[in-house]
Amino acid sequence: MSEAARLLLETAQRGELHHAILCYGPSAQALRDVSVGIAKTLNCLNGTQGDDCTACQRIERRIHPDVHFIEVAGERKMISVEQIREIVAAASLRPFEGRNKIFIIDPAHAISVGGSNSLLKTLEEPARDTTFILLTRSPDLLLPTIRSRCQMIFVGGEPEENDALAASIAAGLTRFSDNRDSAALLGLASLIASQDDVSDAVALLGKVLCDAVAGRLPLSIERERLLAAADATTAAIRWLNVNADARMLVEQALAELVV
Ligand SMILES: [Zn+2]
C-alpha cells in the first residue's frame, strides 16, 4: 500500500475524511484496495482499518448493506443515469446497520453525462454519514463539475499490464501490417470494444501503437500513420465519456493506419 493510501486510511480512522473523494492512479487494483480499505475503516466494528469482524468480512465479500459498489453494467459500457439515480436515492436513507454509507464508483470516468448531472447535487450536499469514493485512472477523464466537488487524492501504484489483450492487439496490428488486411483492423476494433473497461483497452491500444513508433513492435506501417492512430485513441477515450459508440470510435482510430 502506498504512503498516500496509508494516510488516507488514517484520515478515515480519525473521522476526518472529506465526504467525496476522487482517488486516482494508474493501478485499478490499488484504487479498489484503498476504497475497500476506507469502507472497512469507516464501518469496522472494532475501529480498525480492516480486520476479521463481521462488518469487515461482509465488506470484503461485497454483501454489506451500507457499502455500495457502482460499476459498469450492460452493453453500453457506461454507468447509466438509472444507476446513479439509485445511489442518489439510497444516499438519502439512513445507514442500515453500519455507521457510514459508502458509495464506491469504479471507474468514475464511466459515468454517463446524464449520470454525472444527476450526481452533482448529492456530491455537493450529501446526507450525514455518507461518503462517495470515485475511482479513476486520471481526473482529466471526469467532467470538471464532478472533479470540483471532490477532494482529489493520488493513490500511486503500478499499472497492471493486461498482457493477454496487449498481445492480441499486437497480433491484430501485425496481421494488418503483413497483409494490409482491413478485416484484421475490424476484428481488433471489435475485440477492444468488447472489453469490460473500453477506455482502458483503448488506452492500451494507444500504448501498443506508441511501442510500434518506438520500434519495440516491428510493423511495416509508416510512422506518421502510427502516430495519427495513437492520437486518435486519445481523442476516442474522451468521446467514450459522452456515450459515443465504442466500436465505431476504435474503427475510426484504426482507420488512420490505412493510407
Ligand atoms: Zn472490522
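How exposed is Arg32: buried, partly exposed or exposed? Arg32 counts as partly exposed, because its relative accessibility is 32%. Here buried means under 20% relative accessible area, exposed means over 50%, and partly exposed lies in between (1.4 Å probe, protein chains only).

The model in these views is predicted, so local features need pLDDT of at least 70 and side-chain atom pairs count only at pLDDT 80 or more, while totals for chains, interfaces and linings use all residues. Residues are numbered from 1 along each chain as its sequence is written, and side-chain values use heavy atoms, with hydrogens and water left out.

**View 1. Arg32 and Asp106 meet in a salt bridge.** A salt bridge is a side-chain nitrogen of Lys or Arg within 4 Å of a carboxyl oxygen of Asp or Glu. For Arg32 and Asp106, the N to O distance is 2.7 Å. Arg32 lies in helix H2 (residues 28-43) and Asp106 in strand E3, so this pair ties together parts that are 74 residues apart in sequence. Helices (H or I, at least four residues) and strands (E, at least two) are DSSP runs, numbered from the N terminus. Asp106 is buried, because its relative accessible area is 11%.

**View 2. Strand E4 is mostly covered.** Look along residues 130-136 and you will find that 7 of the 7 residues of E4 are buried. In a regular strand the side chains alternate between the two faces of the sheet. In E4, Thr130, Phe132, Leu134 and Thr136 point one way, and Thr131, Ile133 and Leu135 point the other way.

**View 3. E4 pairs with strands E1 and E3.** Two strands pair if DSSP finds at least two bridges between them. Strand E1 (residues 20-24) runs parallel to E4, and 5 bridges join them. Leu22 has Leu134 of E4 as its bridge partner. Strand E3 (residues 101-106) also pairs with E4 in the parallel sense, over 5 bridges, and here Lys101 stands opposite Thr130. Follow the chain from E3 through helix H5 (residues 113-124) to E4, and you trace a right-handed β-α-β unit. Right-handed means that, with the strands pointing away from the viewer, the path from the first strand over the helix to the second runs clockwise.

**View 4. Thr233 sits in helix H10.** This helix covers residues 223-240. Thr233 is buried, because its relative accessible area is 3%. Apart from its neighbours within four places in sequence, Thr233 is in contact (heavy atoms within 4.5 Å) with Val202, Leu205, Gly206, Leu209 and Ala253.

**View 5. Leu143 belongs to a nonpolar surface patch.** Val113, Leu143, Trp239 and Val242 make this patch of about 340 Å². Leu143 lies in the loop between E4 and helix H6 (144-147). Leu143 counts as partly exposed, because its relative accessibility is 31%. Patches are made of residues with over 30% relative accessible area and no salt bridge; like charges are joined within 9 Å, and nonpolar side chains (Val, Leu, Ile, Met, Phe, Trp, Tyr) within 5 Å. Accessible areas come from the Shrake-Rupley method with a 1.4 Å probe, and for residues only the protein chains shown count as cover.

**View 6. Arg14 and Glu16 form another salt bridge.** Their closest N and O atoms are 3.0 Å apart, and both residues are exposed. For Arg128 and Asp129, also joined by a salt bridge, the closest N and O atoms are 3.9 Å apart.
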